[in-house]
Amino acid sequence: MRGLIKKQIGLFVAIIILMILTIISSSFALFKTDSQLTTYNQKTQAFNVTYSSGSPTISGNIYSMTNQEALAEHDFQVTVSSTSASVYGAIYKFEFFFNPPANFSGELVNPQYIWIAIDSHPLRMSTLSTYVEGGVTYYQFGSSLLNPNSSATHNIDVWLDNDIPSSEAGKYVYLETRVTSEATNEYDFRMRQQICHFVSNAYGNAGEVGAKYECSLGDGVTRTFYLLGRNPINNTVKLIFEKNVTDLIGNATTMSYANALTFFNQGNTGYTVKQAWSSALSVELPTAQDIIDASLAINPKNGWSFDLETDDDWFCFGSHVKDYPTYNGETYCENSAAQQKAAWLFDYTKECTYSGCTYEYLDEQGAPSGYWTSDLLNVNTSDAWLVDHNGRLSVEDKTTSNKYGVRPVISVYPTNLY
């Protein structure tokens, strides 16, 4: 008899739980959306919002479920677009707010139990930043950049917490979303672009000297760069290409210092590269100081300094001294662990593996022995600083030498790295 009572109690509890779940899953009445079509005063271009359903309103029940269940199927799609080409695009954002009917007398669900996802990125509504305008509280879901003459489609999903308490049963959801936009200037546009994606910390962690990035610079090709250094004065970062650009374009893989110095100028071979890499703030040769600073960042050496105006010698990136015996009249840098940490500075040069690089060219005619920097030893000499295949910063006493190529350095904003 006692066992039967226990079974009946258990069944009764199960029925109550089922009833509560049924109430919860069917009592949250309406999710409706609307848009705020906006224009921005930049050559009179309009910013448009369109809906996959052909209507800005979605009606129906919102159910309690897990995030995984909610994101399995998307509820709604919104496409934002600029109707014609603009100079710098626009910044737009999604905002959500409660807007029950005028005669509504019920209660609204607490925002802490409402989940909103845009493009499968779920956030609890109560965690969104808010502001009040005209007595209405708006919940902001981030912002995005719309490139000139382009469009973007986003999935929006709304659901209730899987563990929503029964005290919320019988309450309602009347939720609207509006998409607002504002014109952006060149600085905002460039700051918000995602240009270089971090791919490897083999030589440096993300944001550090030596970090490896894949960069899309505007010509439709993704290329490998390494973070060379930071410029706190103008809030930019420099990245150096993994190889000489002269290996890839033009007929001359190597050239004199004078030709390297003007390589990216209008009328020269590199000018088309500079124009095509439009997302970069600048495209230029590395400076000798860039190389010194990078070598010290990856291989610090207390008390060591180097004067580019007076020290007309060379040093190895690993040790910052001449550290290997002379062989056949030339002194080499030792293939040490420290030297290998700087491999990205002299990869893709002629027979460089004996000095610690990872990728080398065979000793064939036209293979580069390194690349020029933008600096002369001083303004009154014919000596120029360069990075050579021995893994060192060195001086070439003949700027007419044709053994070295051009390895470009780009500048971008730190916010362009992701």
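The model is predicted, so local features need pLDDT of at least 70 and side-chain atom pairs count only at pLDDT 80 or more, while totals for chains, interfaces and linings use all residues. Residues are numbered from 1 along each chain as its sequence is written, and side-chain values use heavy atoms, with hydrogens and water left out.

Me: What makes Cys196 and Cys215 a disulfide?
Reply: A disulfide is a pair of cysteine sulfur atoms within 2.5 Å. The sulfur atoms of Cys196 and Cys215 are 2.1 Å apart, so the pair meets the definition. By this rule the count comes to 3 disulfides.

Me: Why is the disulfide of Cys196 and Cys215 called right-handed?
Reply: The torsion about its S-S bond is about 115°, so the disulfide is right-handed. The pair links distant parts of the chain, with Cys196 in strand 11 and Cys215 in strand 12, 19 residues apart. Helices (H or I, at least four residues) and strands (E, at least two) are DSSP runs, numbered from the N terminus.

Me: Why is Cys196 called buried?
Reply: Buried means under 20% relative accessible area, exposed means over 50%, and partly exposed lies in between, with a 1.4 Å probe and protein chains only. Cys196 has a relative accessible area of 0% and is therefore buried. Cys215 is also buried, with a value of 0%.

Me: Why is the pair of Tyr203 and Tyr226 called edge-to-face?
Reply: Rings of Phe, Tyr and Trp (its six-membered ring) pair if their centres lie within 6.5 Å; planes under 30 degrees apart count as stacked, over 60 as edge-to-face and the rest as tilted. By this rule the count comes to 26 aromatic pairs. The rings of Tyr203 and Tyr226 are 5.9 Å apart, centre to centre, with 70° between the planes, so they form a pair and the pair is edge-to-face. Tyr203 lies in the loop between strand 11 and strand 12, whereas Tyr226 belongs to strand 13, 23 residues apart.

Me: Are Tyr203 and Tyr226 buried, partly exposed or exposed, and what makes them so?
Reply: Tyr203 has a relative accessible area of 24% and is therefore partly exposed. Tyr226 has a relative accessible area of 5% and is therefore buried.

Me: How do you know that Arg178 lies over the face of Tyr138?
Reply: A charge sits over a ring if NZ of Lys or CZ of Arg is within 6 Å of the ring centre and within 35 degrees of the ring normal. Arg178 lies over the face of Tyr138 at 3.9 Å from the ring centre, so the distance is within the cut-off. Arg392 likewise lies over the face of Trp314, at 4.3 Å from the ring centre.

Me: Why is Arg190 called buried, and what does Arg190 touch?
Reply: Arg190 has a relative accessible area of 19% and is therefore buried. Arg190 is found in helix 3 (residues 186-192). Not counting residues up to four places away in sequence, Arg190 touches Ser278, Ser279, Ala280, Leu281, Tyr413 and Asn416, where contact means heavy atoms within 4.5 Å.

Me: What makes strand 11 and strand 15 the edge strands of their sheet?
Reply: The open sheet holds 6 strands in the order 11-12-13-14-24-15, with antiparallel pairing. Strand 11 (196-200) and strand 15 (282-284) are its edge strands, as each pairs on one side only. Two strands pair if DSSP finds at least two bridges between them. Strand 12 (residues 212-216) and strand 13 (residues 222-231) are joined by 5 bridges, so this pair meets the rule.
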